[in-house]
Amino acid sequence: MDVIKKFTDWILYTSVFAGLCAVALCVATERLITGSLPPGMSPLHVFIFGCTLVVYNAHFLLRKYSPKVSDRYAWTARNSVWHYVVFIAGAIASGISIFLLPFDIWIACVVLGALSFTYTLPLLPFSKTRIRELGWLKILTLTLVWTIVTSVLPLLYYERSLLAYPFEILLRFVFMFVLCVAFDIRDMQTDRAREIFTLPNLIGAENSYKLINVGIIVFLVLSVVQHVRYPSVGRLAGAVIAAAATKGAIEYTKRHPTDKNYLGVVDGMMLLYGCLVAFFSHYK
């Protein structure tokens, strides 16, 4: 059991699990636009996985928090070397794979890189303000980055028009917005202590949970619209199951708000949704 716990801590706290979730969502989009599962780990998958490791581990390398803040920061204080190892591995993977990607993705990556690192680093060299400290902008930036990475990049990679799949992009935005609101609820106390007025701190926890419920309903409506445009009973069923599971996951973390539950259960909804859509979409 101790080995399982150590591995669980490692895969969650080094963001390796988050990287797998990002790839799963990418595959879900690829399944829609190509009509089949992509063969293995493509250069795009390696790039997305590597970039996720770089961005999330950079946050812990550049910012220092007290181990008393949470279990995750306590783990980081004891195992900071792993953040360096995973960061370097991610940098190598993304650095090599980017040369195998179309030029359109290079352009998109410049924007994504700027957005991702200004989340942790100051917006300007002479400013101490970071996107994560700007409340509404924080959640919109995170949602937008995840949406672009997991839906827009696959469309560019396969040279598909963004206008042909508007609801896939909207679906991803709403789904990621729901998960980001949940994480902001988790951080309400620490954000308030640092005078960061995130959405939950502005409208309150209960209203934030209501907003999550609205987001899940919008996600289901968009899934139905997507089904009308690109019929697939399996894909629609996967979206319904993922929506119900997301509601259950958020209710569970509401009662058990630990770092491990949020990173494993709430983030895990991305992996669940990606897998359901990828493997059930062939059912028409």
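# Exercises on contacts and exposure

Lysine 254 has a relative accessible area of 36% and is therefore partly exposed; this class lies between buried (under 20%) and exposed (over 50%), with a 1.4 Å probe and protein chains only. The model is predicted, so local features need pLDDT of at least 70 and side-chain atom pairs pLDDT 80 or more, whereas totals for chains, interfaces and linings use all residues. Residues are numbered from 1 along each chain as its sequence is written, and side-chain values use heavy atoms, without hydrogens and water.

## Exercise 1

Identify the salt-bridge partner of lysine 254 and the aromatic ring over which lysine 254 lies.

**Solution.** 
Step 1. The side chain of lysine 254 meets that of glutamate 206 in a salt bridge, at 3.9 Å from N to O; the criterion is a side-chain nitrogen of Lys or Arg within 4 Å of a carboxyl oxygen of Asp or Glu.
Step 2. This pair links distant parts of the chain, with lysine 254 in helix α11 (residues 233-255) and glutamate 206 in helix α10, 48 residues apart. Helices are DSSP runs (H or I, at least four residues) and strands likewise (E, at least two), numbered from the N terminus.
Step 3. Lysine 254 also lies over the face of tyrosine 209, 4.4 Å from the ring centre. The rule requires NZ of Lys or CZ of Arg within 6 Å of the ring centre and within 35 degrees of the ring normal.

## Exercise 2

**Solution.** 
Step 1. Because arginine 186 belongs to helix α7 and aspartate 259 to helix α12 (residues 259-266), the pair ties together parts 73 residues apart in sequence.

## Exercise 3

**Solution.** 
Step 2. Aspartate 2 is partly exposed at 49% relative accessibility, while lysine 6 is exposed at 54%.
Step 3. The structure has 8 salt bridges by the stated rule; elsewhere, Lys5, Asp9 and Lys260 are linked in a salt-bridge network.

## Exercise 4

Classify the ring pair of tyrosine 13 and tryptophan 75 and that of phenylalanine 175 and phenylalanine 219.

**Solution.** 
Step 1. The structure holds 12 aromatic pairs. Rings of Phe, Tyr and Trp (its six-membered ring) pair if their centres lie within 6.5 Å; planes under 30 degrees apart are stacked, over 60 edge-to-face, and the rest tilted.
Step 2. For tyrosine 13 and tryptophan 75 the centres are 5.6 Å apart and the planes at 55°, so this pair is tilted.
Step 3. Tyrosine 13 is in helix α1 (residues 2-13) and tryptophan 75 in helix α4, so parts 62 residues apart in sequence are tied together. Tyrosine 13 and tryptophan 75 are both buried.
Step 4. Phenylalanine 175 and phenylalanine 219 have ring centres 5.4 Å apart and planes at 35°, so their pair is tilted.
Step 5. Phenylalanine 175 lies in helix α7 (residues 166-186) and phenylalanine 219 in helix α10 (residues 205-229), so the pair joins parts 44 residues apart in sequence. Phenylalanine 175 and phenylalanine 219 are both buried.
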